[in-house]
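Student: I have a model to go through and I'd like to take it step by step. Could we look at it together?

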Amino acid sequence: MAKAGQEGPRSSVWLQDRTRRSRRGGGQPSGLDRERITEATVRLLDAEGLAKFSMRRLAAELSVTAMSVYWYVDTKDELLELALDAAFGELRRPDPEADEDWREQLRALARDYRALLVRHPWMSQLAGTYLNIGPNSLSFSRSVQRIMRRTGLPAHGVTGAISAVFQFVYGYGTIEGHFIARAAATGLSPDEYFQHSMSAVAEAPDTAGVIRESQDIMAARGGDTLTEMLERDFDFALELLIAGIEAMVERGRG
């Protein structure tokens with residue numbers, strides 16, 4: 001979606017001339033480049049979140065002036081788009097030539113994507129804002145498509161399968177990442193925050209009944225820690241989706 005100050009959906013740092021002209025006066029700042037600026041942006045977003053990020057704060061982190069940063073990017077949006085693609089670069093890509101079952105490749109990529117969203121909770125908002133046509137993002141998309149093409153699904157079902165799996169992963173990783181960030185903001189561990197929240201909900205008259213009704217389901221899920229519970233839920237949900245793909249492939253053969 002376009003944001004204020006952008007020129008519609010075509011506005012992207014990846015669609016612009018990368019040559020930085022010295023129209024702002026002076027030469028290229030010494031010791032800076034896009035890679036260093038992008039790395040510092042990712043660090044700041046991880047440490048302080050998207051809401052607190054600013055070009056002035058970034059410049060202070062780099063010990064330069066804000067105008068030095070603008071030599072490399074025209075807007076904060078361009079910089080955030082670069083940071084988003086840099087984060088996508090952390091994903092491990094399955095080898096398209098490897099003699100490996102598509103299910104294992106899909107599991108690995110889905111788990112890595114979830115971990116990425118949890119590690120960088122600011123990613124989820126940015127992924128829904130920009131075109132995501134940077135080299136790392138496109139490489140991720142290409143890997144997903146290659147895996148899905150190997151499932152045996154008909155061509156018209158590939159995009160639907162991709163949506164089912166990776167929109168699930170996106171939603172799961174987004175909620176998990178935001179929960180962990182919220183717990184950290186209170187000074188509590190995720191387990192402490194979860195237990196405190198559940199106790200509060202169980203004691204409230206309007207919500208206590210819901211908790212009682214779901215206790216057997218939560219107990220059956222198992223897991224001594226929040227991390228273990230989240231892992232069990234994610235793995236089971238992912239297996240449901242894989243089983244659904246297998247069922248659709250068999251249906252097409254019938």
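Student: Let me pick a spot: is Arg-92 buried or exposed?
Tutor: Arg-92 counts as exposed, since its relative accessibility is 60%. The word has a cut-off here: buried is under 20% relative accessible area, exposed is over 50%, and partly exposed lies in between, using a 1.4 Å probe and protein chains only.

Student: Before I go on, what sort of model is this?
Tutor: It is a predicted model, in which local features need pLDDT of at least 70 and side-chain atom pairs count only at pLDDT 80 or more, while totals for chains, interfaces and linings use all residues. Residues are numbered from 1 along each chain as its sequence is written, and side-chain values use heavy atoms, with hydrogens and water left out.

Student: OK, back to Arg-92. Which residue does it form a salt bridge with?
Tutor: Its partner is Asp-112, and the closest N and O atoms of the two are 2.7 Å apart. A salt bridge here is a side-chain nitrogen of Lys or Arg within 4 Å of a carboxyl oxygen of Asp or Glu.

Student: And is Asp-112 buried or exposed?
Tutor: Asp-112 is buried, with a relative accessible area of 14%.

Student: How many salt bridges are there in the whole structure?
Tutor: The search finds 12 of them. One of these joins the side chains of Glu-239 and Arg-107, at 2.6 Å from N to O. That pair links distant parts of the chain, with Glu-239 in helix H11 (residues 226–253) and Arg-107 in helix H5, 132 residues apart. Of the two partners, Arg-107 is buried at 13% relative accessible area, while Glu-239 is partly exposed at 30%.

Student: What about Glu-250 and Arg-253, how many residues apart are they?
Tutor: They are three residues apart, about one turn of the helix, and both lie in H11. In general, an α-helix has 3.6 residues a turn, so residues three or four places apart point the same way. Glu-250 counts as partly exposed at 47% relative accessibility, and Arg-253 counts as exposed at 60%. Elsewhere, salt bridges that share partners join Glu-48, Arg-57 and Glu-61 into one network.

Student: You keep saying helix. How many helices and strands does the chain have?
Tutor: The chain has 11 helices and zero strands, where both are DSSP runs numbered from the N terminus, helices being H or I with at least four residues and strands being E with at least two.

Student: Which helices do the buried residues of H5 pack against?
Tutor: They pack against H4, helix H6 (123–127), helix H7 (135–149), helix H8 (155–186) and H11. Among the buried residues of H5 are Trp-102, Leu-106, Tyr-113 and Leu-117.

Student: New topic: where is Thr-41?
Tutor: Thr-41 is in helix H1 (residues 34–48), and it is buried, with a relative accessible area of 0%. Not counting residues up to four places away in sequence, Thr-41 touches Phe-53, Leu-58, Leu-79 and Ala-83, where contact means heavy atoms within 4.5 Å.

Student: And where is Leu-62?
Tutor: Leu-62 is in helix H2 (residues 55–62), and it is buried too, with a relative accessible area of 5%. Leaving aside neighbours within four places in sequence, Leu-62 is in contact with Leu-32, Arg-36, Ile-37, Ala-40 and Val-69. The C-alpha atoms of Leu-62 and Arg-36 are separated by 8.8 Å, although the two residues are 26 apart along the chain.

Student: Last one: what share of the chain do buried residues make up?
Tutor: Buried residues make up 37% of its 254 residues. As for contacts between residues at least 6 apart in sequence, 74% join residues at least 24 apart.
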